[in-house]
Amino acid sequence: ILDNFGDGRGTRLHEGIDIMGSGGRAVYAVAAGTLTKRYTNTGSAGWGWTLYDGATKTTYQYFHLTEDPYGLVEGTEVALGDVIGFVGSSGTNSPENIHLHLEVRPNKTAVDPLPLLHVDTKLCGVSKPFRAAS
């Protein structure tokens, strides 16, 4: 997992974290909610989803997925743990840049997702922060 929330990306800051993975691995809903926006393989986001949890007013955004083989559509209700896509490299500059970009936005404000995740460090590593200490 790259600890890269807030690092510079040209004229903007990175508003999520990147979770490296093997292409085709399942991506799961981190909360119950509604799939409110489908991203197609255009621009730098590639294939992806916005998941909205109305109970907490939190939006989760998933980018760089593979094309959706399940035929999910906007408005689909999902439960915590449902598969909503698969890790890919869509929207990136390289087919080898396989990862999931995850954003968390309570009340429409981006926050660092890393402290919200349970990371089993026996199975997965976390990089040192990319951004300069302030």
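The largest pocket is lined by 19 residues; I19, A26, V27, Y28 and L100 lie nearest its centre. The elements giving two or more residues to this lining are β3 (17-20), β4 (26-28) and β10 (99-106). β4 supplies the largest share, 3 residues. Strands here are DSSP runs of E with at least two residues, numbered from the N terminus.

This is a predicted model: local features need pLDDT of at least 70, side-chain atom pairs count only at pLDDT 80 or more, and totals for chains, interfaces and linings use all residues. Residues are numbered from 1 along each chain as its sequence is written, and side-chain values use heavy atoms, with hydrogens and water left out.

A pocket is an open set of points on a 1 Å grid over the protein atoms alone, where a 1.4 Å probe fits, with protein on both sides within 12 Å along at least five of seven lines; lining residues have an atom within 4 Å of a point. Volume is the space filled by probe spheres set on the points. Ala, Val, Leu, Ile, Met, Phe, Trp, Tyr, Cys and Pro count as nonpolar, Asp, Glu, Lys and Arg as charged, and the others, Gly among them, as polar.

| Pocket | Volume | Lining by class |
|---|---|---|
| Largest pocket | about 510 Å³ | 14 nonpolar, 3 polar, 2 charged residues |
| Second largest pocket | about 430 Å³ | 4 nonpolar, 9 polar, 5 charged residues |

The second largest pocket has 18 lining residues, with R9, R12, H14, S44 and H64 nearest its centre. β3, β7 (58-65) and β10 each give two or more residues to that lining. Its largest share, 3 residues, comes from β10.

The structure holds 2 salt bridges (a side-chain nitrogen of Lys or Arg within 4 Å of a carboxyl oxygen of Asp or Glu). E15 pairs with R105 at 2.5 Å, N to O. E15 lies in the loop between β2 (12-13) and β3, and R105 in strand β10, so the pair ties together parts 90 residues apart in sequence. E103 also bridges to R105, at 2.8 Å between the closest N and O atoms. Shared partners join E15, E103 and R105 into one network.

E74 sits in the loop between β7 and β8 (77-78). Leaving aside neighbours within four places in sequence, E74 is in contact (heavy atoms within 4.5 Å) with L35, T36, K37, R38 and W49. A polar atom of the E74 side chain lies 2.9 Å from the backbone nitrogen of R38.

Conventions. Helix = DSSP H or I, 4+ residues; strand = E, 2+ residues; numbered from the N terminus. Polar contact = N/O pair within 3.5 Å; in protein donor to acceptor, adjacent residues only side chain to side chain.
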